[in-house]
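The sequence and the coordinates come before the discussion.

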Amino acid sequence: MNAVWTMDTIQGMRTFAAVAAHSSFTEGAKQIGISTKLASKYVGQLEDRLNAQLFNRTTRSVTLTDTGRSYYERCLSLLDQFDELEGLVQKRQTELAGRIRITAPTGFGSAELIHLLKPFQTEHPKVTIELHLSDHHASMVEEGYDLAIRFGALKDSNLVARKLTDMRIVCCVSPEYLAQHGTPHEPAALSTHNCLLQTTGNMIDNWAFKGSDGEYVVSVSGNFRTNSPRAVAHMAADGLGIGRIPLYTAQPFLDTGRLQLLFEAQEAISLGLYAAYPQNRHLTARIRALIDFLVKQLRGA
C-alpha cells in the first residue's frame, strides 16, 4: 500500500511540474502523454494529500500560488534525483536519458548553440532537448528550465553559473560602406561615421576600446537602433553603417567577405558566456554532461 502511495505521489508531482512549466493543464498533460482530465485528477489528489492549493485556476489561466511556487522549486529537484536513482537501479547509469529544458539568447541559440547540441544528441540519443529562445531573461524556477545560457554577469543571486567561454565583441563594416565613406583608422574617427547601435548592452552609444594608456570610450551615433545583434550584422553587411556585435554573430558575414573587422588590436570588451542553473537544483548526470560538453566545445579543448 505504501509503495502505491509513493508512486501515486510521484505521478502527481510529475503532472504538477508539467502543468506548472506550461501554465496549462492541456499542455502539461500533452507533455507527459495523459489526458487533461487525468492531469486535473492527479493534481487534485496531490493538493488533497498536501492539504494545500498549488494553483490558482480560472477559465483563462493557471498560475502557481505562493505555496505552489515553493513546492515546484523543490519538486523538480526531487524528480530529477528519482529519475537518476531509477536509472542506477535499472543499470542504465552509462546511458544518459531524459529531458533538458534550456533557455538561451535568440542570436546565439539559433546559430552557435543548435550546432553544438546536434553532436551531443547524436552521442546521447535518449536525451530530449527543449530549447526556448528569447532575448529576455526567463525565470528559471517559475518557467521550469533546467539550464540557462546567458552572457555577462548574472544578476540573479539564486543561480549558479559555470563559465563556458569568453566571446569577443567586434567592430565590423562592409567593404561597400568603406568604399563610399572611407576607412576609420582609429576608433576616435567613429564620431564621424554612421554607427549601428545595439540597445541590449550597457554602453549603447559609448563604445570602449584599448589604448596605450588603458581603456577609453568613444561616443558614437547613428540612424539605426535594435535589440538584435543579428539585425546589426545584416544592416552592416548591407552597407548602412559600422556595427559592434559578438563575434559569433559577425562570423558568417566575415566568412563570406560581406563584413570585415575594424580595430582588432584595440578591442576592449569580451562577454563571458555562462551556463546557469538554480543553486538548490540537483544537477542530473545528463545536465552535467551537457555543461561539460559545451565547455569542451567552446574552449576548443
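At 44% relative accessibility, Ser 23 counts as partly exposed, and this residue is found in the loop between α1 (2–22) and α2 (25–32). The model is predicted, and in it the phi of Ser 23 is near 50°, a positive value in a residue other than glycine. Most residues other than glycine have a negative phi.

Phe 263 also has a positive phi without being a glycine, here near 55°. Its position is the loop between β12 and β13, and because its relative accessibility is 9%, under the 20% limit, Phe 263 counts as buried. Where a glycine is concerned, helix α9 is followed by Gly 257, whose phi is positive and near 85°.

**Aromatic pairs**

A search of the whole structure finds ten aromatic pairs. Two of them are set out below.

| Pair | Geometry | Centre to centre | Angle between planes |
|---|---|---|---|
| Phe 120 and Phe 293 | tilted | 5.5 Å | 55° |
| Phe 209 and Phe 263 | edge-to-face | 5.7 Å | 85° |

Phe 209 and Phe 263 are both buried.

Ring pairs also link Phe 16, Phe 25, Phe 55, Tyr 71 and Tyr 72 into a cluster. Three of these residues, Phe 16, Phe 25 and Phe 55, are in contact with Val 43, which also touches Thr 15 and Arg 57 when its neighbours within four places in sequence are left aside. Val 43 is found in helix α3 (residues 36–50) and is buried, with a relative accessible area of 0%. The C-alpha atoms of Val 43 and Leu 54, eleven residues apart along the chain, are separated by 8.4 Å.

**Charges over rings and the cavity**

Arg 244 lies over the face of Phe 209, at 5.6 Å from the ring centre, while Arg 101 lies over the face of Tyr 145, at 4.6 Å from the ring centre. Phe 209, Phe 263 and Arg 244 are also among the residues that line the largest cavity, together with Ile 169, Val 170, Cys 171, Ala 208, Leu 262, Glu 267 and Ala 268.

How many cavities of 30 Å³ or more are counted? The count comes to one, and about 40 Å³ of space lies in the largest cavity. Its lining divides into eight nonpolar residues, no polar ones and two charged ones. Strands β6 (159–173) and β8 each supply at least two residues of this lining, and the largest share, three residues, comes from β6.

**Helix α9**

Strand β6 is also part of what covers the buried residues of α9, a covering that includes α5, β5 (147–151), α8 (229–237), β11 (242–246) and β12 as well. Within helix α9 (residues 247–256), the buried residues are Leu 247, Tyr 248, Thr 249, Ala 250, Phe 253 and Leu 254.

Notes:
Residues are numbered from 1 along each chain as its sequence is written. This is a predicted model: local features need pLDDT of at least 70, side-chain atom pairs count only at pLDDT 80 or more; totals for chains, interfaces and linings use all residues. Side-chain values use heavy atoms; hydrogens and water are left out. Rings of Phe, Tyr and Trp (its six-membered ring) pair if their centres lie within 6.5 Å; planes under 30 degrees apart count as stacked, over 60 as edge-to-face and the rest as tilted. Buried means under 20% relative accessible area, exposed over 50%, partly exposed in between (1.4 Å probe, protein chains only). A charge sits over a ring if NZ of Lys or CZ of Arg is within 6 Å of the ring centre and within 35 degrees of the ring normal. On a 1 Å grid over the protein atoms alone, a cavity is a set of points where a 1.4 Å probe fits but cannot get out, and a pocket is an open set with protein on both sides within 12 Å along at least five of seven lines; lining residues have an atom within 4 Å of a point. Grid points are joined across faces, edges and corners, and a volume is the space filled by probe spheres set on the points. Helices (H or I, at least four residues) and strands (E, at least two) are DSSP runs, numbered from the N terminus. Ala, Val, Leu, Ile, Met, Phe, Trp, Tyr, Cys and Pro count as nonpolar, Asp, Glu, Lys and Arg as charged, and the others, Gly among them, as polar. Contact means heavy atoms within 4.5 Å.
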